[in-house]
Amino acid sequence: MSTNDVAPIAARAAAVRSALIEQGAMAADALDPIIHWGAEEWKPENGARVVAKAWTDPEFKARLLADATPACAELGYHGPQGEYIVALEDTPSMHNVIVCTQCSCTAWPVLGLPPDWYKSPEYRARVVREPRRVLHELGLDLDPAVSVRVWETSAETRYMVIPMRPEGTEGWTEEQLAELVTREALIGTALATPAS
Amino acid sequence: MDGVHDLGGMHGFGPINYRPTTEAFHEEWQETAFGLMLGSVILLQNHTPDAYRHSVERMAPSHYFAVHYYERVLTGVTTLLVENGVLDHADLERRAGGRFPLAGPVADKPLADLTPQSEQRFNKGDVVKVKDFHPKGHTRAPRFCRGKQGRVLHVAPPFPFPDTSAHGGAQREEHTYHVEFTARELWGDNGTDNDFVVVDLWDSYLEGATA
């Protein structure tokens, strides 16, 4: 394909938007709430709150592992790409990591929209075939005795990882604990941040 | 379709550009692309997420790999809007001031011959094998697990069957199963003993098997 006469991507996006508005197919501000939710409301801080509550409330954790969709909804997290959420609990013998090899699905209400690295062909191609090497490159070295499950988001289940609670956090509040849970920990390419 | 989007397990890809970021969008056009992707649910009649995913899969491979995720989103959504007569391609190119590459057409006879399975056929612990099928249209059974045998970890609720949903077929829902494959089963000698891949697969992709 010759690329030198292709319009800049920003001009192409603006062309679609302006054509739809001028034809009356959509209102000028129709996309604003969607963009607001994508940029501001669906975020990994939500998933971090879910994890922190699971770490401190055994009954909530039991509900979360049994059926994560209503458990996340208890905290107000539900909506598109969160219709059926499954929580994956890390243990000393099993580490979980999430991918979507065919597009880039994530559980929007609790993980947010996927980050660039998660959407990259490199991550999508490699993590299913050589997960330990990928995790090593991303800074996570697992004991060879720990099993790894890579979860391919090929259908409508949306996953979130419940990382292990770091040592030395006894007595911490949910708010303090949530600070230790990054988006990468919810995907499984990092552990929860150690207590400092 | 056995397309370039179906990346799982492909060789030749280098290091991951791992820069954990917090913002969802870096530029305004990316917001627009995302907004249109969700907004197209309202703009298009009989729209499904599967038709959208297939529109991205139909992009030329050289285009697919060369561009940012949200350019793929915009290309797919715009292709559907043009194919459905909501927008005019020539008008878009006039507005944009240059070429506006879209995805290629849907293949003739896009569906594989998979018998609908409205009832749950498998249970947790069952051994199953993924059928070795190769439809020209949309499917969500990744190539790397076709023909492979695994074990059901979990039964998920019924969801619309993507192969027919992407191509305007009658509403059809099937259970999906979280099927665990050993790395040895998928990758042979290159697999590690205690690595596993779990794939979420619709009922009619599967057949019963014995361990």
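Predicted model: local features only at pLDDT ≥ 70, side-chain atom pairs only at ≥ 80, totals over all residues.

Visitor: How should I read the contact between the chains?

Guide: The size of an interface is often given as the accessible area lost when the parts come together. Here the description is by residues: chain A contributes 62 and chain B contributes 67. On the side of chain A that touches chain B, elements that each supply at least two residues include α1 (9-22), α2 (32-41) and β3 (147-152) of chain A. The most comes from α1(A), with 11 residues. By class, that side of chain A has 34 nonpolar, 12 polar and 16 charged residues.

Visitor: How does one read a sheet?

Guide: Strands of a sheet pair through backbone hydrogen bonds, either parallel or antiparallel. In this model, seven strands make an open sheet of mixed pairing, in the order β2(A)-β3(A)-β4(B)-β3(B)-β2(B)-β1(B)-β5(B). From one strand to the next, the twist averages 35°.

Visitor: In which sense do β3(A) and β4 of chain B pair, parallel or antiparallel?

Guide: They pair in the parallel sense, over five bridges, with β4(B) covering residues 195-202. A:Val148 has B:Asp195 as its bridge partner in β4(B).

Visitor: Which strands pair with β1(B)?

Guide: Strand β2 of chain B (residues 149-160) pairs with β1(B) in the antiparallel sense over three bridges. Strand β5 of chain B (residues 206-208) is also antiparallel to β1(B) and is joined to it by three bridges. B:Val128 can be followed in both directions: its bridge partner in β2(B) is B:Gly150, and its bridge partner in β5(B) is B:Gly208.

Visitor: How do I read the two faces of such a strand?

Guide: In a regular strand the side chains alternate between the two faces of the sheet. In β1(B), residues 127-130, B:Val128 and B:Val130 form the covered face, and B:Val127 and B:Lys129 the uncovered one. B:Lys129 stands opposite B:Glu207 in β5(B).

Visitor: Where is B:Asn123 placed, and why does it count as exposed?

Guide: B:Asn123 is in the loop between α5 (89-96) and β1 of chain B. A residue is exposed if 12 or fewer other C-beta atoms lie within 10 Å of its own; B:Asn123 has 9 such neighbours inside 10 Å, and therefore counts as exposed. Leaving aside residues up to four places away in sequence, B:Asn123 touches B:Val152 and B:Val155. Its C-alpha atom is separated by 8.5 Å from that of B:Tyr177, 54 residues apart along the chain.

Visitor: How does one check the length of a helix, α3(A) for instance?

Guide: At 1.5 Å a residue, the 13 residues of α3(A), 44-56, should span 18 Å, and the end C-alpha atoms are 19 Å apart, which agrees. This helix is mostly covered, since 10 of its 13 residues are buried. Among them are A:Gly47, A:Val51 and A:Trp55. The elements that cover the buried residues of α3(A) include α4 (58-66), α5 (68-74) and β4 (158-162) of chain A.

Visitor: Which residues touch the most other members of the largest nonpolar core?

Guide: They are A:Met160, A:Val181, B:Ala33, B:Val197 and B:Leu201, in a core of 102 residues. Beyond residues up to four places away in sequence, A:Met160 touches several residues, including A:Gly47, A:Ile85 and A:Leu186. A:Gly47 is also one of the buried residues of α3(A).

Conventions: Residues numbered from 1 in each chain as written. Chains lettered and ligands numbered in written order. Core = buried A, V, L, I, M, F, W, Y, C linked by C-beta atoms within 7 Å. Buried ≥ 20, exposed ≤ 12 C-beta atoms within 10 Å, placed from the backbone. Contact = placed C-beta atoms within 7 Å. Helix = DSSP H or I, 4+ residues; strand = E, 2+ residues; numbered from the N terminus. Nonpolar A, V, L, I, M, F, W, Y, C, P; charged D, E, K, R; others polar. Pairing = 2+ DSSP bridges. Expected span 1.5 Å × (residues − 1). Axes fitted to C-alpha atoms, helices over the stretch in contact; angles between N-to-C directions.
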